[in-house]
Amino acid sequence: MRIAVPKETAPGERRVAIVPETVKRLAAKKVETSVLAGAGALSFASDEEYKSHGARVDATLDAALADADAVVQIRPPTLDEVKRLKEGSTLVSLLYPLVSLDLVKALAARKVTSIAVDMIPRTTLAQMMDVLSSQATAAGYEAVLIAAQTLPRFFPMLMTAAGTIAPARVLILGAGVAGLQAIGTARRLGAVVEAFDVRKVVKEQVESLGAKFVDVDAEDAAGAGGYAKEQGEEAKRKQAAAIAEHAAKADVVICTALIPGRRAPTLLTADMVKAMKPGSVVVDLAAEQQGNCELTKPGEVTVQHGVTIVGYTDMPSRLCAHSSQMYSRNMEKLLLYVTKDGAWKLDPKDEIVAGSLITQGGEIVHPKVKELVQPKGAAATPAAGVAGA
Ligand code: NAI
């Protein structure tokens, strides 16, 4: 079996899906690697390094794809890029299939088997393949560093001859993977940290990192698989009051709240931003899902009511060397899980395969995605009819 690793084409993307060290480990399990020349350059992985680890480096993408059984990348392909994929080959990448229905239809029409790595269930077994967690780790860390650099104040408490400096107060909204990493990073920089989450089970984790959990007297929203579920209006009202009170005292607010499959909850309203201290900073990791802060502009840094609001959507790419290394390790574990002796072993009854396999043999095989593309009762549209979409 051979995998091809293209150069990421999304604007500004610096990561690469497979780093040189992974090439050797995959080859030991009969998975060979072709890399497009320069694919790792922005992550500081040179063609020479890939070659020395046993990869074939191809001068063109077509040469890399020609004999590849699978393409492994990070960002979803564009519809034009789907047309370059070989019929019958497999694509392993982020796909966001629940909101990218045109892409799913194009992959089915092209008869490409697709594995959406963002749909891998968050179970203990799948932990080592969980790219959302590995990349959110980078995002949580980076968010705090950007906040610290943007804030016109120190993070730690300092006792100097020029007087005592009070520590910065950081409020973290959402204590999942990114939020917990943000708490740890802010604490290491010496800030006083508070965190709020609708899942009360994280209280202990928050406290073990040295932060204070903002306890709101409202229903617990713990849902399946370590994710949150939607709450009632009364709970939302109480939470909004608590967030308003704590945000007004904070120097930094880091937003990481997410309910999978929905737009990000609006937690920090324009009025709450207005009530924050001038010079304060909001870093909104949910910017791509319309933001936890009402005033966030995706991909931009804006100053509103004297508060700097950072809406970068490329945090892992800003830490490209380690984000690539972690993504690559996730891919190694996934590829070795779904292959045996260099041949596919895609068991549809397996929980990880069932959760992430989206298209196969010209069909959309993931039940939830299929239902979205073709709601029950609607007339069937042959996938081929959408090929040029
Ligand atoms: P996660 O699912 O591990 O954590 C999200 C947390 O938000 C959960 O603990 C959940 O209980 C909590 N939550 C949900 N609704 C809430 C509410 N109303 N109030 C308070 N907490 C609430 O997600 P993860 O992996 O930590 O990712 C966090 C966010 O960061 C996501 O939106 C993700 O897309 C984003 N992200 C952004 C990147 C960037 O470059 N901007 C890069 C990577 C991730």
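Strands here are DSSP runs of E with at least two residues, helices are runs of H or I with at least four, and both are numbered from the N terminus. Two strands are said to pair if DSSP finds at least two bridges between them. Within this pair, Leu171 stands opposite Glu194 of β10.

The model is predicted: local features need pLDDT of at least 70, side-chain atom pairs count only at pLDDT 80 or more, and totals for chains, interfaces and linings use all residues. Residues are numbered from 1 along each chain as its sequence is written, and side-chain values use heavy atoms, with hydrogens and water left out.

The β9 and β10 strands belong to an open sheet of 7 strands with mixed pairing, in the order β11-β10-β9-β12-β13-β15-β14. Its edges are β11 (212–213) and β14 (301–304), each of which pairs on one side only. Helix α9 (residues 233–249) packs on this sheet and touches β9, β10, β11 and β12 (252–255), contact meaning heavy atoms within 4.5 Å. The direction of α9 makes about 155 degrees with that of β9; axes are lines fitted to C-alpha atoms, for helices over the stretch in contact, and angles run from 0 to 180 degrees between N-to-C directions.

I turn to the other sheet. This open sheet has 8 strands in the order β3-β2-β1-β4-β5-β6-β18-β19, again with mixed pairing. Its edge strands are β3 (56–58) and β19 (363–364). Strand β2 (residues 32–36) pairs with β3 in the parallel sense over 3 bridges, and Val35 stands opposite Val57 in β3. Helix α12 (residues 320–337) lies across β1 (2–5), β4 (70–72), β5 (90–93) and β6 (113–116), at about 140 degrees to β5.

Finally, the ligand. Around it are 28 residues, of which Arg122, Ala178, Asp197, Arg199 and Met315 come nearest; a residue counts if one of its heavy atoms lies within 4 Å. Helices α6 (131–150), α7 (177–188) and α11 (315–318) each supply at least two residues of this shell.

Which atoms make polar contacts, meaning pairs of N or O atoms within 3.5 Å, with the ligand? An N or O atom in the side chain of Arg122 is 2.9 Å from a ligand oxygen.

Notes
A polar contact is a pair of N or O atoms within 3.5 Å; within protein, one must be able to donate a hydrogen and the other to accept it, and residues adjacent in sequence count only if both atoms are side-chain atoms.
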